[in-house]
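Dear colleague,

Here is the structure that I promised to pass on to you. My notes on it follow below, and I would be glad if you could read them with the model open.

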Amino acid sequence: MSENKRFQLGTIGALSLSVVSSVSIVICNKALMSSLGFRFATTLTSWHLLVTFCSLHVALWMKLFEHKPFDPRTVVGFGILNGISIGLLNLSLGFNSVGFYQMTKLAIIPCTVFLETIFLSKKFSRSIQLSLCVLLLGVGIATVTDLQLNFLGSILSLLAVLTTCVAQIMTNTIQKKFKVSSTQLLYQSCPYQAMTLFVSGPFLDKFLTQQNVFAFRYTPQVLTFIAMSCLISVSVNFSTFLVIGKTSPVTYQVLGHLKTCLVLAFGYILLHDPFNWRNILGIFVAMMGMVLYSYYCTREGQKKASEASVQLQTKEDESDPLIGMETGAGATNDVALPISPIGKVDNDLRARDYNR
């Protein structure tokens with residue numbers, strides 16, 4: 001199997017794992033918070049990260065991946081920034097209506113596109129931009145029900161969007177810059193994310209819920225769901241870093257909206273949540289946007305791969321003195337020109353960054 005085929009299969013596997021694990025953990029957490037009354041989201045997230053780190057440590061001990069240390073300041077800053085972004089998203093939900101919080105999540109994609117265009121000189125075609133607009137319109141129709149604004153909530157939402165965008169862009173750029181895998185990056189940054197939330201979580205949760213996480217009555221049923229949530233989170237955290245590393249932050253956000261549509265559908269089927277024509281129309285429009293996005297990304301990825309192949313073939317021809325001699329361009333005064341080195345083609349051109 002060619003390396004390009006293996007990469008494509010790996011990307012499909014990462015996307016599938018992310019969708020399945022994320023939808024599973026949302027349903028599990030919804031039962032935990034809505035049915036059992038455990039509403040301490042930030043603290044629960046810190047437990048998720050601690051379990052993820054312990055699981056990765058066991059995997060390292062079993063030699064399932066190699067530890068690759070790199071710039072400590074980058075790791076610490078990245079881990080703390082991720083923890084802060086999660087805390088700000090929870091605060092945004094606490095200070096805003098559900099509808100405005102959904103608008104905050106929708107704003108992450110255009111903000112990411114803007115930041116990558118300005119600071120990383122990424123190019124997004126008109127077709128990609130159009131498909132993203134269709135997607136955001138559909139998700140907005142399906143999820144945004146009310147828009148109650150307040151100054152503090154708006155500031156928190158703005159900070160949550162900015163920190164989330166920067167953290168996800170860093171997830172992609174760090175893996176490329178330092179040549180580390182998603183597992184290696186997650187293993188090194190996880191403790192700092194966990195500690196940030198473990199320290200701040202109880203205070204944020206008490207502020208938002210008016211309850212103390214340590215005074216909560218932990219029944220066997222609650223503990224079972226917490227354990228299930230923590231175990232599923234290992235797959236969620238791993239697949240998040242894997243998807244962003246193999247594709248891009250924008251693709252990860254598009255995938256996140258697919259999860260939202262699936263959660264709405266499964267919520268109606270399994271938990272009998274209310275469902276109306278707005279949800280159906282919104283999901284249909286969003287799915288259209290996702291299909292368009294996938295189509296244009298695939299087409300542009302194939303175009304880049306084709307251009308890379310032509311460029312490689314051209315450089316190989318130029319570096320071969322026999323070809324140059326046959327065409328009369330490889331010799332001057334019966335002396336062959338020196339062979340130039342064959343240029344290396346950047347692996348990222350193999351459809352890795354479809355949407356940038």
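Is Gln210 buried or exposed? Gln210 is exposed, because its relative accessible area is 65% (buried means under 20% relative accessible area, exposed over 50% and partly exposed in between, with a 1.4 Å probe and protein chains only).

Before the rest, please note that this is a predicted model, in which local features need pLDDT of at least 70 and side-chain atom pairs count only at pLDDT 80 or more, while totals for chains, interfaces and linings use all residues. Residues are numbered from 1 along each chain as its sequence is written, and side-chain values use heavy atoms, with hydrogens and water left out.

Gln210 lies in the loop between α8 (182-209) and α9, where helices (H or I, at least four residues) are DSSP runs numbered from the N terminus. Gln210 has a positive phi of about 60 degrees although it is not a glycine, and Lys63 likewise has a positive phi, near 60 degrees. Most residues other than glycine have a negative phi. Lys63 is found in the loop between α2 (41-61) and α3 (72-95), and it counts as exposed because its relative accessibility is 73%.

Turning to helix packing, the axes of α5 (residues 108-119) and α6 (residues 126-143) come within 10 Å and cross at roughly 155 degrees, the axes being lines fitted to C-alpha atoms over the stretch in contact, with angles from 0 to 180 degrees between N-to-C directions. The two helices are therefore roughly antiparallel (a term for angles over 145 degrees). Ile109, Pro110 and Val113 of α5 meet Leu132, Leu135 and Leu136 of α6 in this contact, which means heavy atoms within 4.5 Å.

In the model, residues 44-62 are 95% helix, with the end C-alpha atoms 27 Å apart, and residues 74-93 are 100% helix, with the end C-alpha atoms 29 Å apart.

Methods
Parallel < 35°, antiparallel > 145°, perpendicular 65-115°, else oblique.
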